[in-house]
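Please open the model in a viewer and keep the selection panel at hand.

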Amino acid sequence: MYSPKYVTDITKVPGLSEEEKKKLAEVQKKFAFRSNEYYLSLIDWDDPADPIRKLVIPDPAELEEWGRLDASGEARYIVAPGMEHKYDQTALVLVSDMCAGFCRYCFRKRIFMNGGAREVARDIDADLEYISSHPEITNVLLSGGDPLFLSTNRLEKIIARIREIDHVQIVRIGTKVPAYNPYRILNDTKLPEVIRRYSTEGKKIYIITQFNHPRELTEQAIKAVNILQNAGAVFASQTPLLHGINDNPETIAELSRKLSFIGIAPYYVFQCRPTLGNRDFVVPVEEGYFILEQAKMNCSGLAKRFTFAMSHVCGKIAIVGVDDERTYLKFHQSAEWEDIGKFMSFRRNPEALWFDDYKSPLSEKKVV
């Protein structure tokens, strides 16, 4: 039974030259590095622009002082230890401070540095009490870090206790394990049993995974996904739009098609958050819109279901249109109920990287 070894020291990565290791060790001092033998084997080391390499191997560009650690203001919505309640129907619980790999563009990299792990719920009693007292919460999203990096016994205890709350219909597990280390699933016979037990006919478990590039959809990854699908999990996938990784129509179209072929719904494509160290990954908003619209031209309806959105402090803002003069945005979701569905138009700004770069709207219309 193969179980890939984890690598947490950039100087131990065999595909790098000694000069690269020395340079990248400086980046690791600020932003942690983590990967494993399996994922590193997907890298074409002869290609310095290899997208898989860019996803997981540090880069000196990360040291550019740009962005902030809590780019979407998550701290504003903390209501219990390790839990956020931003949208009425969904509670977000951070249950892990570890991942199978550290994405270089991670928007919660603060968890892996400067004691940020204190943001994670070690004891979920207070979280469950809050959820129990808020009947509007029908979805609980387990995130982190990565919930599938927990032991299956620990994960089952968390899911079982959530299932005791009648008004919670959906448990979501946010994970990149199927991409980073599918052997975590392939080698664990108990995990599908847990999914089968708690993903019932009337109350499903959703696995929200993150595939950023079609090359991550390996034979092993697809097999791992199928195991959990056969156990009753419903899959959806999301990715940021990332410069040098998937910021062209061909790559996004191929990724979306392949996801649809194996029964994973393309869910969101996110504008990369302005997190500290992320400048090199960010594609301008309007350029991203045209990339995704061109990608959709080569996708079936099932493959182009994703919403292009920004996870802003005030809500999920969808980029719904761009013409010669205006950019059109809509609140796909909002922390303020009355803003949900609000439609806005702004003067075009080709340099805009985030919602904050659009100033006074030329027009706006609320649904109610």
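**Before starting**

This is a predicted model, in which local features need pLDDT of at least 70 and side-chain atom pairs count only at pLDDT 80 or more, while totals for chains, interfaces and linings use all residues. Residues are numbered from 1 along each chain as its sequence is written, and side-chain values use heavy atoms, with hydrogens and water left out.

**Stop 1: Glu74 and Arg108**

Select Glu74 and Arg108, whose side chains form a salt bridge with an N to O distance of 2.8 Å. A salt bridge here is a side-chain nitrogen of Lys or Arg within 4 Å of a carboxyl oxygen of Asp or Glu. The pair links distant parts of the chain, 34 residues apart: Glu74 lies in the loop between helix H3 (51-56) and strand S3 (78-80), and Arg108 in the loop between strand S5 (90-94) and helix H4 (125-132). Helices (H or I, at least four residues) and strands (E, at least two) are DSSP runs, numbered from the N terminus.

Glu74 counts as buried because its relative accessibility is 7%; Arg108 is likewise buried, with a relative accessible area of 7%. Buried means under 20% relative accessible area, exposed over 50%, and partly exposed in between (1.4 Å probe, protein chains only).

The structure as a whole holds 24 salt bridges.

**Stop 2: Lys342 and its partners**

Next, select Lys342 with Glu364; their side chains meet in a salt bridge of 3.5 Å, N to O. Lys342 lies in the loop between strand S13 (326-334) and strand S14 (343-347) and Glu364 in strand S15 (residues 363-365), so the pair ties together parts that are 22 residues apart in sequence. Lys342 is buried at 11% relative accessibility, whereas Glu364, at 47%, is partly exposed.

**Stop 3: His213**

Move to His213, in the loop between strand S8 (205-209) and helix H9 (219-230). Is His213 buried or exposed? With 9% relative accessibility, His213 counts as buried. Leaving aside residues up to four places away in sequence, His213 touches Pro51, Ile52, Ile245, Thr251 and Leu255; contact means heavy atoms within 4.5 Å.

**Stop 4: two helix pairs**

Select helix H8 (residues 190-198) together with H9: they pack at an angle of about 35°, with their axes 8 Å apart. Axes are lines fitted to C-alpha atoms, for helices over the stretch in contact, and angles run from 0 to 180 degrees between N-to-C directions. On the H8 side the contact involves Leu191, Pro192, Ile195 and Arg196, and on the H9 side Ile227, Leu228 and Asn230.

Then show helix H10 (residues 249-261) and helix H11 (residues 285-296), which pack at an angle of about 50° with axes 8 Å apart. Pro249, Ile252 and Ala253 of H10 meet Ile291, Leu292, Gln294 and Ala295 of H11.

**Stop 5: Gly144 and Gly145**

Finally, select Gly144 and Gly145, which are joined by a cis peptide bond with omega of about 25°. Gly145 lies in the loop between strand S6 (139-143) and helix H5 (152-163). As a general rule, most peptide bonds are trans.
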